[in-house]
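Have a look at the structure first.

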Amino acid sequence: MDSELTAWALAAAQALLFIAAAPLLAGWVQRVKCHAQNRAAPAVWQPYRNLAKLLRKKMLLAENASWLFRAVPYIVFGAMLLAAAVVPLIAVNLPSAAIADMIVLVAFFALARFFTALAGLDIGTAFGGMGASREMMVSALAEPAMLMAVFTLSMTASTTNLSVATGYVLQSGLVLRPSFLFALLALTMVAVAETSRVPVDNPATHLELTMLHEAMILEYGGRHLALIEWASQIKLMIYSVLIVDFFFPWGIATGFSAAALAVGALAVAAKLMLLAVILVVWETVLAKMRLFRVPQFLGFAFMLSLLAMLTHVVLETGG
Amino acid sequence: MGVANLGLYNQAIILFAALALFTSFIMLAQGRMMPLIFTFAWQGLLLAVVSVLVAIVSKHPELYVSAALTFTLKVVLIPWLLYRLSVQLNMQYDAEAIEHPTLLLLGGVALVIFSYFVAQSIVHLSGLATRNTIAVSIAIELLGMLLMCVRKSAVAQVIGFMSMESGIFFAAVVSTYGMPLVVELGVAFDILVAAILFGVFFFHLRDSFGSLNVGQFNRLSEANQPMPLRDAAGEHSSGGPHPPGEPS
């Protein structure tokens, strides 16, 4: 009974750490990106300052905003919070992993996206509707690719539970699995599209015509904008942690001793910092694509995840 | 038998075989000329690595010879010949618009499933450690054929043809640990001669049709553009033979 209580407390602490660390990851990405592009870099905690400023600001709502528009930031943030509670950050075998499996995780993302698109349409401005339709186009293509990549992993691990799958990869040691390589590539491409990073969308753009995600939330301000921005930082963090967990889980804590947890935290921090550097290189090297090239990009991601599943069936289990 | 129970070399064979399959898909999706040639060279390199690994695992030293043959032909000589040709024909920056790229890739995936289905019966009979990769070798052949079917550019079709040959070679390596050395040398020599002949053909094709797009080869040049060609033929009639049907 007592150990169960500790486990739940740890799970809650991990979820809180997850959402607290998300702006830090975004700040780190921003800082490395500025260095890579020879610009003066802001401090790593600049996202925290931005969030604090937005939370203090006075709320301004459009006159024709319905209850939906006001509810959406909380729905989006809640969905991301639940999703963050499921993903193992520093320890596996936590009881919170039983809340949801990988498919429900994808559904949390879909829920948040659906309501963001509705909010974009709610005010009735041109940019909101345009952003909503573009976001839906991207997500309709990205979601099958993501699901196929996730299915490949769950076929290998014989489970759809995130924590158990991570534990399986950790336990089987270094096995050269081509399906994992393809699934990693596919998941990275999907993550780039879903977190609105460069080849698909530019998160720092000020040009409304080229926006995808930002166009939907142009009408938000104050506390609502803070929640939505925080939610998108958590989303970036969730995708990064998923990639790290599935493909490079080494170092994550399997027991609840203090030493194991410290090693897990250090390992995940190092891996996320490295992943952010790779993301920055990717964003600096590539230019944003035309919108109508995006289906081809995501079609390739879908093909990769399909190939991952096929190589799993053909090469890794046959005989 | 799961992949986790295999030794490291066998895992590496599976990994490189899957990567070779992946390069076939990249070739399908790649419309530009130079990257297409380089991807073909990468595929050759991966197959050479697989042959070396199979040689180590199966202790068949003659496979080193076929790996060396693959390397010299498919990684160095043929890509270099194709590269030089496309520089000479001034088409190294040409890009071909691929129709329905996503549909094409899904068709490739369907071919992989088909070859898995076909290879099942062989896999059950074989006792080799590399038997799972037979399906991949058949898939590389079929994807090379698909590349030949969908592309209009003659160079891309030649690459599809060479890729089919790579698939056959790969099938021989993984299903029977290689063909007899005489056969392999003969095939390698044939491929080299074919590459040189294709080069000669490219120049002839460009001279007679003005392009390497096979979609234009089935039209008669007079029917295509009647007036300007007749004028041009009149000016240069002393040199070349008369086109059939024209009164001499």
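Is Phe180(A) buried or exposed? Phe180(A) has 23 other C-beta atoms within 10 Å, so it counts as buried (20 or more is buried, 12 or fewer exposed, in between partly exposed, with C-beta atoms placed from the backbone).

Before going on: this is a predicted model, where local features need pLDDT of at least 70, side-chain atom pairs count only at pLDDT 80 or more, and totals for chains, interfaces and linings use all residues. Residues are numbered from 1 along each chain as its sequence is written, while chains are lettered from A and ligands numbered from 1 in the order in which they are written.

Phe180(A) belongs to helix H7 of chain A, residues 178-194 (helices are DSSP runs of H or I, at least four residues, numbered from the N terminus).

H7(A) packs on helix H5 (residues 126-157) of chain A at about 150 degrees, the axes being 9 Å apart (axes are lines fitted to C-alpha atoms over the stretch in contact, and angles run from 0 to 180 degrees between N-to-C directions). The pair is therefore roughly antiparallel, a label for angles over 145 degrees.

Now for the two contacts, where C-beta atoms placed from the backbone lie within 7 Å. Classes: Ala, Val, Leu, Ile, Met, Phe, Trp, Tyr, Cys and Pro are nonpolar, Asp, Glu, Lys and Arg charged, the others, Gly among them, polar.

| Contact | Nonpolar | Polar | Charged |
|---|---|---|---|
| H5(A) with H7(A) | eleven residues | three residues | one residue |
| Side of chain A that touches chain B | eleven residues | seven residues | two residues |

The chain contact takes 20 residues from chain A and 27 residues from chain B. Helix H11 (residues 294-316) of chain A gives the most to chain A's side, with twelve residues.

Note on methods: Helices (H or I, at least four residues) and strands (E, at least two) are DSSP runs, numbered from the N terminus. Angles under 35 degrees count as roughly parallel, over 145 as roughly antiparallel, 65 to 115 as roughly perpendicular and the rest as oblique.
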